[in-house]
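Colleague: Could you take me through the aromatic pairing in this model, and then through the surroundings as you see them? I would enjoy a close look.

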Amino acid sequence: MAHVLLLTSDLASIVNAHAEVARRLRADGHEVTHLRTGHEVPDLAGRGWTLRAGASPSRGTGAATRSAAIDRLGLEAHRTALLDRAPDLVLVDIELHEQVAVALTLGVPVAATSTWIAPGRVRGLPPLDRPDPLPSDLRGVLTTELTWLRRRVTAQRPRLLAIARSRGADRQSVLHAFTRRHGADLRSLATTDAWLRPWGYDGLRTLVLGPTQLDLRADPSVTYVGPMVGPVDRVPLPASVAAGVERHRLGPGAGPLVYCSFGSFVASYDEALLG
């Protein structure tokens, strides 16, 4: 069986989803090490990891500047620590770009994981973080294409400014130099043709930890592995949520109820969700 290494952020929703991934992999007989930023996941083997922040450019330009930034970030030390764990497969949160870069240099298969819906561009659909309507005619199609074009330009502008200001030690250039040092190629995978910022990935295996049905249209470039919700104890719903559910249950023509949540980013409850 394989040794699978999970690299995640410390956001509760992401940790919990990947903990369920780990539980299922272990049930299939695999060894799993789950590391999250700065912490050890209590019920899983392994220590937390931390990359040093503040990779500001030092004196010099070009390759020397990028090399100094690589050292300041601690990428090589992190790579050595992960190599010592001898993983057969690495699953890494798609928004952890430093960790994606390190994983690509380990010489083992790598897949990105996303707890969002499909993070890239789905042909014919507007960016999923915008309220644009679905295109229904030629005008709508052209408007959608123009929206994506503007998005790419908007995403490239700060990158070009960062390259100029940091003398070639901007984040993506540093990570590209690091992967190239070890025979990998981050630049060929990174793309601004995605709704995640500052960039997404094209050509990197991506596992969406959710059901296909949540996407407006299934993305053929990703694999939907279904919702990663582990066994949980039954707890009472908040009073406002319970009241909304009861109104729905007793209302005329009540059908199946779909419960929506904003996750750990929003503390308040909006009854309009149950409208």
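Modeller: Gladly. Rings of Phe, Tyr and Trp, the last taken by its six-membered ring, count as a pair if their centres lie within 6.5 Å, and planes over 60 degrees apart make the pair edge-to-face. Please keep in mind that this is a predicted model. By that rule there is one aromatic pair here. Its partners are Trp116 and Trp195: the ring centres are 5.7 Å apart and the planes stand at 90°, so the arrangement is edge-to-face.

Where do the two rings sit along the chain? Trp116 belongs to the loop between strand 5 (110–114) and helix 5 (138–165), while Trp195 belongs to the loop between strand 6 (190–191) and strand 7 (200–201), so the pair ties together parts that are 79 residues apart in sequence. Trp116 is partly exposed, with a relative accessible area of 38%, whereas Trp195 is buried, at 8%.

Next, the open space. The second largest pocket has a volume of about 360 Å³. Its lining is made up of 19 residues, and those closest to the centre are Gly120, Arg121, Asp202, Asp219 and Ser221.

The largest nonpolar core has 35 residues, and Val90, Leu104, Tyr201 and Leu204 have the most contacts inside it. Among the elements that give two or more residues to this core are strand 1 (3–8), helix 2 (62–73), strand 4 (89–93), strand 5 and helix 6 (171–181). Helix 4 gives the most, with five residues. As for Val90, leaving aside neighbours within four places in sequence, its contacts are Leu5, Leu7, Ala103, Leu106, Val108, Pro109, Val110 and Ala111. A second, separate core has ten residues, including Val4, Ala17, Leu91 and Met228.

Helix 6 deserves a look of its own. Eight of its eleven residues are buried, so helix 6 is largely enclosed by the rest of the structure. The buried residues are Gln172, Ser173, Val174, Leu175, His176, Ala177, Phe178 and Thr179. After helix 6 comes Gly183, with a positive phi near 80°.

Methods:
Residues numbered from 1 in each chain as written. Predicted model: local features only at pLDDT ≥ 70, side-chain atom pairs only at ≥ 80, totals over all residues. Heavy atoms only, no water. Phe/Tyr/Trp six-rings, centres within 6.5 Å; stacked < 30°, edge-to-face > 60°. Helix = DSSP H or I, 4+ residues; strand = E, 2+ residues; numbered from the N terminus. Buried < 20%, exposed > 50% of the residue type's maximum accessible area, 1.4 Å probe, protein only. 1 Å grid on protein atoms, 1.4 Å probe; cavity = no way out; pocket = protein on both sides within 12 Å on 5 of 7 lines; lining within 4 Å. Points joined across faces, edges and corners; volume = space filled by probe spheres on them. Core = buried A, V, L, I, M, F, W, Y, C linked by side-chain atoms within 4.5 Å. Contact = heavy atoms within 4.5 Å.
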